[in-house]
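Please look over the sequence and structure below.

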Amino acid sequence: MIFLGEAGSIFFKEEKVGPVELATISFGQRFEVTPIQLVTAVASIANGGNLVTPRIITATIDSETGERKEIEPIIKSQTMSEENARKIRDMMGSVVAEGTGKGAKVEGYTVGGKTGTSEDGVKTNKYITSFLGLAPTEDPEIVILVVLYNPTGEGGHHVRISLLQLEKIEVYIFDKTLEISEIQKI
């Protein structure tokens with residue numbers, strides 16, 4: 001689903017993909033997706049492999065009567081088995097428990113995620129650093145994406161500095177969202 005004003009994704013046509021393109025695509029280069037597309041893909045993992053149409057609101061309230069009308073989620077397709085979705089959530093959990101996303105730990109909750117660094121175009125010397133996370137990993141209720149565009153630090157250590165910045169942002173967002181959502185701590 002493309003929201004008004006949202007750009008589309010950029011992929012090679014299958015017939016244009018050679019060995020080099022196939023190799024670089026496998027680790028996340030040579031294609032572009034929008035933030036909502038990325039979050040939607042991870043939400044599919046969070047939803048046990050069900051691809052749910054993104055939505056901005058979950059209900060409407062009639063201003064005159066106060067009547068609340070829930071907007072039910074629409075499941076578009078099954079992208080993977082529930083078992084594979086669980087395995088990926090477990091892997092994402094290990095990224096936060098013992099990997100590059102350790103700083104995204106939120107006391108009392110299990111958080112899973114994936115850190116990322118990408119180049120912004122060819123030969124621009126600009127980078128994008130991101131963290132895409134979900135919580136709680138056992139039965140996710142929320143998915144977040146935090147993106148820093150061209151972060152800088154002493155000596156040009158983009159990744160190290162931006163991960164420190166991301167960690168602070170992630171913990172704050174997860175902590176506040178989990179608290180507001182009234183999700184039980186473990």
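**Labels and the values behind them**

Q: Why does Thr115 count as buried?
A: Its relative accessibility is 12%, and buried means under 20%, so the label buried applies to Thr115. The model is a predicted one, and Thr115 is found in strand 5, residues 112-119.

Q: What makes the pair Thr115 and Thr100 a polar contact?
A: The side chains of Thr115 and Thr100 approach to 2.7 Å. The cut-off for a pair of N or O atoms is within 3.5 Å, so the pair Thr115 and Thr100 qualifies as a polar contact.

Q: Why is Glu67 called exposed?
A: The relative accessible area of Glu67 is 55%, and exposed means over 50%; therefore Glu67 is exposed. Glu67 sits in the loop between strand 2 (59-61) and strand 3 (68-70). With neighbours within four places in sequence set aside, Glu67 is in contact with Thr60, Ile61 and Asp62.

Q: Is Tyr109 buried or exposed, and how do you know?
A: Tyr109 has a relative accessible area of 10%, and buried means under 20%, so Tyr109 is buried. The place of Tyr109 is in the loop between helix 3 and strand 5.

Q: Which residues is Tyr109 in contact with, leaving aside its neighbours within four places in sequence?
A: The contacts of Tyr109 are Leu178, Glu179, Ile183, Gln184, Lys185 and Ile186, with neighbours within four places in sequence left aside. Of these, Gln184 is 75 residues from Tyr109 in sequence, and the two are 8.2 Å apart from C-alpha to C-alpha.

Q: Why is helix 2 called roughly perpendicular to helix 3?
A: The axes of helix 2 (residues 35-46) and helix 3 (residues 82-98) come within 8 Å and cross at roughly 110°. Angles of 65 to 115 degrees count as roughly perpendicular, so helix 2 is roughly perpendicular to helix 3.

Q: Which residues make the contact of helix 2 with helix 3, and of what class are they?
A: From helix 2, Val42, Ile45 and Ala46 meet Ala85, Ile88, Arg89 and Met92 from helix 3. By class this comes to six nonpolar, no polar and one charged residues. Arg counts as charged, so Arg89 is the charged one.

Q: Which residues touch the most other members of the largest nonpolar core?
A: That core has 13 residues, and Val111, Ala135, Phe174 and Leu178 touch the most other members. Strand 6 (127-135), strand 7 (142-149) and helix 4 (158-180) are the elements that give two or more residues to this core. The largest share, three residues, comes from strand 7.

Q: What else lies apart from this core?
A: Another core, of five residues, lies apart from the largest one, and its members include Ala46, Met92, Leu132 and Leu134.

Q: What is Leu178 in contact with, leaving aside its neighbours within four places in sequence?
A: Leu178 is in contact with Tyr109, Ala135, Ile142 and Ile183, on the count that leaves out neighbours within four places in sequence.

Q: Where does Pro136 lie, and what is the peptide bond from Ala135 to Pro136?
A: Pro136 lies in the loop between strand 6 and strand 7. The bond from Ala135 to Pro136 is cis, with omega near -20°.

Q: What is Val52 in contact with, leaving aside its neighbours within four places in sequence?
A: Val52, in strand 1 (residues 50-52), is in contact with Thr40, Asn47, Pro73, Ile74 and Ile75, apart from neighbours within four places in sequence. Val52 and Gln78 are 26 residues apart in sequence and 9.1 Å apart, C-alpha to C-alpha.

Q: How many helices and strands does the chain have, and how do its elements run?
A: The chain has four helices and seven strands, in the order α-α-β-β-β-β-α-β-β-β-α from the N terminus on. Of its 186 residues, 28% are buried.

Definitions and conventions. Residues are numbered from 1 along each chain as its sequence is written. This is a predicted model: local features need pLDDT of at least 70, side-chain atom pairs count only at pLDDT 80 or more; totals for chains, interfaces and linings use all residues. Side-chain values use heavy atoms; hydrogens and water are left out. Axes are lines fitted to C-alpha atoms, for helices over the stretch in contact, and angles run from 0 to 180 degrees between N-to-C directions. Angles under 35 degrees count as roughly parallel, over 145 as roughly antiparallel, 65 to 115 as roughly perpendicular and the rest as oblique. Contact means heavy atoms within 4.5 Å. Buried means under 20% relative accessible area, exposed over 50%, partly exposed in between (1.4 Å probe, protein chains only). A polar contact is a pair of N or O atoms within 3.5 Å; within protein, one must be able to donate a hydrogen and the other to accept it, and residues adjacent in sequence count only if both atoms are side-chain atoms. A nonpolar core is a set of buried Ala, Val, Leu, Ile, Met, Phe, Trp, Tyr and Cys residues joined through side-chain atoms within 4.5 Å.
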